[in-house]
Amino acid sequence: MSAARGHHIEIKQGTDRIRVHHNGVPLADSRRPLLLFETGCPVRYYLPPEDVRTDLLTSSDTHTVCPFKGTASYWSLPDGPKDIGWAYPEPHADVAQIKDHFCFYDVELD
């Protein structure tokens, strides 16, 4: 749990099936998502790298800095959208659980 000046982050272990597809191609399928609840943001699902088709993704040059989570590295599809997902290789201690887990903009819940 993290809080700063009214900002709150909470991470919970989920059990719902989370799937990520692009043009019918499965990119991730997990029943072990971490649910990240953050002030002012929608719930985000962070998926273990073992449940992500990392062989289909390439590291992008994009990086963003979140004062609460750390520096995010982005991933793209070689012939598809740029920066389709991101991960925190070295997150801040308060959110260490999300280390190397992948998050995508569009997910499908089962």
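User: How many salt bridges does the structure hold?
Analyst: The model is a predicted one. Side chains of opposite charge can pair when their charged atoms come close. In this structure, the number of salt bridges is seven.

User: Which residue forms a salt bridge with Asp-29, and how far apart are the closest N and O atoms?
Analyst: Asp-29 belongs to strand E4 (residues 25-30), and its partner sits in the loop between strand E2 (7-13) and strand E3 (18-22), twelve residues apart from Asp-29. The partner is Arg-17, and the closest N and O atoms are 2.5 Å apart.

User: Is Asp-29 buried, partly exposed or exposed?
Analyst: Buried requires under 20% relative accessible area and exposed requires over 50%. Asp-29 has 36% relative accessibility, so Asp-29 counts as partly exposed.

User: Which parts of the chain does the salt bridge of Asp-51 and Arg-32 tie together?
Analyst: The side chains of Asp-51 and Arg-32 meet at 2.9 Å, N to O. Asp-51 lies in the loop between strand E6 (44-47) and strand E7 (58-66), and Arg-32 lies in the loop between E4 and strand E5 (34-38), so the pair ties together parts that are 19 residues apart in sequence.

User: Is Asp-55 buried or exposed?
Analyst: Asp-55 meets Arg-53 in a salt bridge of 2.7 Å, N to O. Arg-53 is partly exposed, with a relative accessible area of 37%. For Asp-55 the relative accessible area is 55%, and because the cut-off for exposed is over 50%, Asp-55 is exposed.

User: What radius of gyration does the protein have?
Analyst: The C-alpha trace spans about 40 × 30 × 20 Å along its principal axes. For 110 residues, a compact globule would have a radius of gyration near 13 Å, and the value for the protein agrees with this: 14 Å.

Conventions:
Residues are numbered from 1 along each chain as its sequence is written. This is a predicted model: local features need pLDDT of at least 70, side-chain atom pairs count only at pLDDT 80 or more; totals for chains, interfaces and linings use all residues. Side-chain values use heavy atoms; hydrogens and water are left out. The radius of gyration is taken over C-alpha atoms; the globule rule is 2.2 Å times the number of residues to the power 0.38. A salt bridge is a side-chain nitrogen of Lys or Arg within 4 Å of a carboxyl oxygen of Asp or Glu. Helices (H or I, at least four residues) and strands (E, at least two) are DSSP runs, numbered from the N terminus. Buried means under 20% relative accessible area, exposed over 50%, partly exposed in between (1.4 Å probe, protein chains only).
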